[in-house]
Amino acid sequence: IAVDCQTFGPFFAGVPRDQAIVIYCSCCSGGGVSSHYAEKLMMRGYHRVEYLENSLHAWVEAGFPVER
C-alpha cells in the first residue's frame, strides 16, 4: 500500500497495532526516510514494524519479487 508523507498519520490510525508492517521508501536509497517512519509507528504503539534498509530499488535490483 502506498502512503505518502502527508497521509501517513491518518492512514495508520485505522491499522491494528498488532499488524505486521514493513515500511520502505521508493524515492531514496539510504533508508533514512523509512527508518524515521518506522520509528514513528513504534512510538505510537506498533511493535511489529520493520523497514527496508536500502529502499525498494535495492530490493528490486537484488531480484526479489514485487507485486503491483
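**View 1. Phe64 is partly exposed, at a relative accessible area of 44%.** Here buried means under 20% relative accessible area, exposed means over 50%, and partly exposed lies in between, with a 1.4 Å probe and protein chains only. The model is predicted: local features need pLDDT of at least 70, side-chain atom pairs count only at pLDDT 80 or more, and totals for chains, interfaces and linings use all residues. Residues are numbered from 1 along each chain as its sequence is written, and side-chain values use heavy atoms, with hydrogens and water left out. Phe64 sits in the segment after helix H3 (55–61). Helices (H or I, at least four residues) and strands (E, at least two) are DSSP runs, numbered from the N terminus. Together with Trp59, Val60 and Val66, Phe64 makes a nonpolar surface patch of about 330 Å². Patches are made of residues with over 30% relative accessible area and no salt bridge; like charges are joined within 9 Å, and nonpolar side chains (Val, Leu, Ile, Met, Phe, Trp, Tyr) within 5 Å. A salt bridge is a side-chain nitrogen of Lys or Arg within 4 Å of a carboxyl oxygen of Asp or Glu. Accessible areas come from the Shrake-Rupley method with a 1.4 Å probe, and for residues only the protein chains shown count as cover.

**View 2. The whole protein chain holds three helices and two strands.** Along the sequence the pattern is α-β-α-β-α. The protein chain has 68 residues, of which 24% are buried. A contact requires heavy atoms within 4.5 Å. Of the contacts between residues at least 6 apart in sequence, 56% join residues at least 24 apart.

**View 3. The aromatic pairs come to a count of three.** The rings of Phe11 and Phe12 have centres 5.0 Å apart and planes at 85 degrees, so this pair is edge-to-face. Phe11 counts as partly exposed because its relative accessibility is 35%, whereas Phe12, at 8%, counts as buried. The rings of Trp59 and Phe64 have centres 4.5 Å apart and planes at 35 degrees, so their pair is tilted. Rings of Phe, Tyr and Trp (its six-membered ring) pair if their centres lie within 6.5 Å; planes under 30 degrees apart count as stacked, over 60 as edge-to-face and the rest as tilted. Trp59 has 30% relative accessibility and therefore counts as partly exposed. Ring pairs also link Phe11, Phe12 and Tyr46 into a cluster.

**View 4. The largest nonpolar core has ten residues: Phe8, Phe12, Val15, Ile21, Ile23, Tyr37, Ala38, Leu41, Tyr46 and Val49.** At least two residues of this core come from each of helix H1 (8–12), strand S1 (21–23) and H2. H2 gives the most, with three residues. A nonpolar core is a set of buried Ala, Val, Leu, Ile, Met, Phe, Trp, Tyr and Cys residues joined through side-chain atoms within 4.5 Å. In soluble globular proteins, nonpolar side chains tend to be buried together. Apart from its neighbours within four places in sequence, Phe8 is in contact with Val3, Ile23, Tyr37, Lys40 and Leu41.

**View 5. Ser34 lies in helix H2 (residues 32–43).** Ser34 has a relative accessible area of 1% and is therefore buried. With residues up to four places away in sequence not counted, Ser34 touches Ile23, Tyr24, Cys25, Tyr51 and Leu52.

**View 6. Glu39 is placed in helix H2.** Glu39 counts as partly exposed because its relative accessibility is 47%. Glu39 and Glu50 are eleven residues apart in sequence, and their C-alpha atoms lie 9.1 Å apart in space.

**View 7. Ala58 is placed in helix H3.** At 30% relative accessibility, Ala58 counts as partly exposed. Ala58 and Ser26 are 32 residues apart in sequence, with 9.6 Å between them in space, C-alpha to C-alpha.
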